[in-house]
Amino acid sequence: MLHLLLPRGFAGRLAICAGCGYLAGLLLTVILLRVFNLLAPGHLYVPTLTVLLAAALAMAVVSHRRGWKSAFRDQRLRLSKLEKALALLFLGLIALRLGTLVQEVAIRPLFPWDALMNWAPKAVVWSHYNELVPFTTAEQWLASDHATALYTLRAAVYPEMVPLILLWNMLGANVSDHSLLYLSWPLLLFCLAMATYGFSRSFALQPVPSLLAAYLVCSLPFANVHTALAGYADLWMATAFMFAVCSAQALVNTRNLRFLALTLPICLACVMLKRPGLVLAGIVILTLVACWFRTGPRILLGGVVILLILLFIGI
């Protein structure tokens with residue numbers, strides 16, 4: 001879908017489509033799960049999968065008719081022998097880093113505190129019921145008559161995109177207690193590295209420095225910890241914010257509104273991932289508007305104050 005919506009002819013386009021496409025696809029999946037939970041409770045996986053496959057097939061047909069190869073013809077690289085050697089070195093380091101993280105996730109049972117206490121239990125309950133059973137606060141749970149299924153957690157009213165991603169994995173695997181369900185975290189880090197390379201290329205960096213940037217990002221200690229200890233929402237939040245910032249920068253650089261097809265959905269993902277995502281999405285949108293219209297510092301400061309007031313009221 002991003003292949004059809006984003007502008008053509010800029011360096012790093014394929015890596016951006018692939019890297020950001022994973023998060024955008026999961027956002028669409030989460031929205032579909034919520035829709036079908038309202039339309040057909042108890043039937044989440046098959047309807048959602050059907051819509052996703054139909055959409056993928058339609059996008060493939062449209063891409064073929066528009067000539068998808070032409071969008072990537074100028075992506076071919078001409079590198080010297082030294083540049084090829086450095087590129088292979090950085091690709092090898094990235095593969096080694098990701099390989100060790102995949103091993104950590106594959107052999108480790110669910111361990112992180114927040115995941116064990118908040119995110120995973122929701123997904124497990126939903127997978128057992130095949131329905132998004134409501135979670136409430138402890139006070140509401142104690143006051144209810146328990147006529148219907150009702151559960152409580154410490155983070156009962158927190159955004160639910162991460163549990164829904166886990167639910168999608170559980171429904172597809174038909175199991176709710178396997179460590180391989182958490183391979184989405186190393187895959188997300190891989191997509192973060194790809195998008196870093198793509199955006200670096202789009203910002204006029206050469207291929208080898210762009211690969212170096214990708215390796216540096218996927219070897220960040222904080223990112224590695226939150227990948228190896230899969231289950232936290234922080235890696236998703238940081239990745240979504242990075243995608244939103246970079247796509248907004250690309251929009252400002254090119255003045256091409258087609259980049260909004262990436263910026264706005266990723267900002268929505270920020271809001272759906274964690275409560276701080278509302279603030280981060282607001283920062284991206286406000287800064288984007290200020291840069292697009294070239295507003296002065298006073299207007300920008302006023303917008304920040306208004307945004308903070310609205311956020312304080314909303315939270």
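Predicted model: local features only at pLDDT ≥ 70, side-chain atom pairs only at ≥ 80, totals over all residues.
Some overall numbers, then. The protein has 315 residues, and 44% of them are buried. If you take the contacts with a separation of 6 or more, 71% come from residues 24 or more positions apart.

Now let's go to helix H10, residues 221-228. Which residues of H10 are buried? Ala-223, Asn-224, His-226, Thr-227 and Ala-228. The cover over those buried residues includes helices H4 (81-107), H8 (184-202), H9 (207-218) and H11 (234-254). Let me take some of these helices in pairs.

Start with H8 and H10. Their axes come within 8 Å and cross at roughly 150°. Anything over 145 degrees counts as roughly antiparallel, so that's what H8 is to H10. From H8 you have Trp-185, Pro-186 and Leu-189, and they meet Ala-223, Asn-224, His-226 and Thr-227 of H10. Sorted by class, that contact has four nonpolar residues, three polar and no charged.

H8 also packs on H11. How do those two helices run, then? Here the axes come within 11 Å and cross at roughly 20°, and with under 35 degrees as the cut-off, H8 and H11 are therefore roughly parallel. The crossing is left-handed. On the H8 side we've got Ser-184, Trp-185, Leu-188, Cys-191, Leu-192, Ala-195, Thr-196 and Phe-199; on the H11 side, Leu-235, Trp-236, Thr-239, Met-242, Phe-243, Cys-246 and Ser-247. That's 11 nonpolar, four polar and no charged residues. Notice Trp-185, by the way: it's in the H8 contact with H10 and in the H8 contact with H11.

Next pair: H4 and H9. The axes come within 9 Å and cross at roughly 15°, so these two are roughly parallel to each other. It's another left-handed crossing. H4 brings Glu-83, Leu-86, Ala-87, Phe-90, Leu-91, Leu-93, Ile-94 and Arg-97, while H9 brings Val-208, Leu-211, Leu-212, Ala-214, Tyr-215 and Cys-218. By class that comes to 12 nonpolar, no polar and two charged residues.

Last stop, away from those helices: the strands. Thr-136 sits in strand S1, residues 135-136. Is Thr-136 buried or exposed? Its relative accessibility is 13%, so it counts as buried, the cut-off being under 20%. Leaving out residues up to four places away in sequence, Thr-136 touches Trp-141, Leu-150, Tyr-151, Thr-152, Leu-153 and Ala-156.

Compare Val-157, in the loop between strand S2 (151-152) and helix H7 (161-173). Val-157 is exposed, at 52% relative accessible area.

Conventions. Residues numbered from 1 in each chain as written. Heavy atoms only, no water. Buried < 20%, exposed > 50% of the residue type's maximum accessible area, 1.4 Å probe, protein only. Contact = heavy atoms within 4.5 Å. Helix = DSSP H or I, 4+ residues; strand = E, 2+ residues; numbered from the N terminus. Axes fitted to C-alpha atoms, helices over the stretch in contact; angles between N-to-C directions. Parallel < 35°, antiparallel > 145°, perpendicular 65-115°, else oblique. Left-handed = near helix turned anticlockwise from the far one by under 90°. Nonpolar A, V, L, I, M, F, W, Y, C, P; charged D, E, K, R; others polar.
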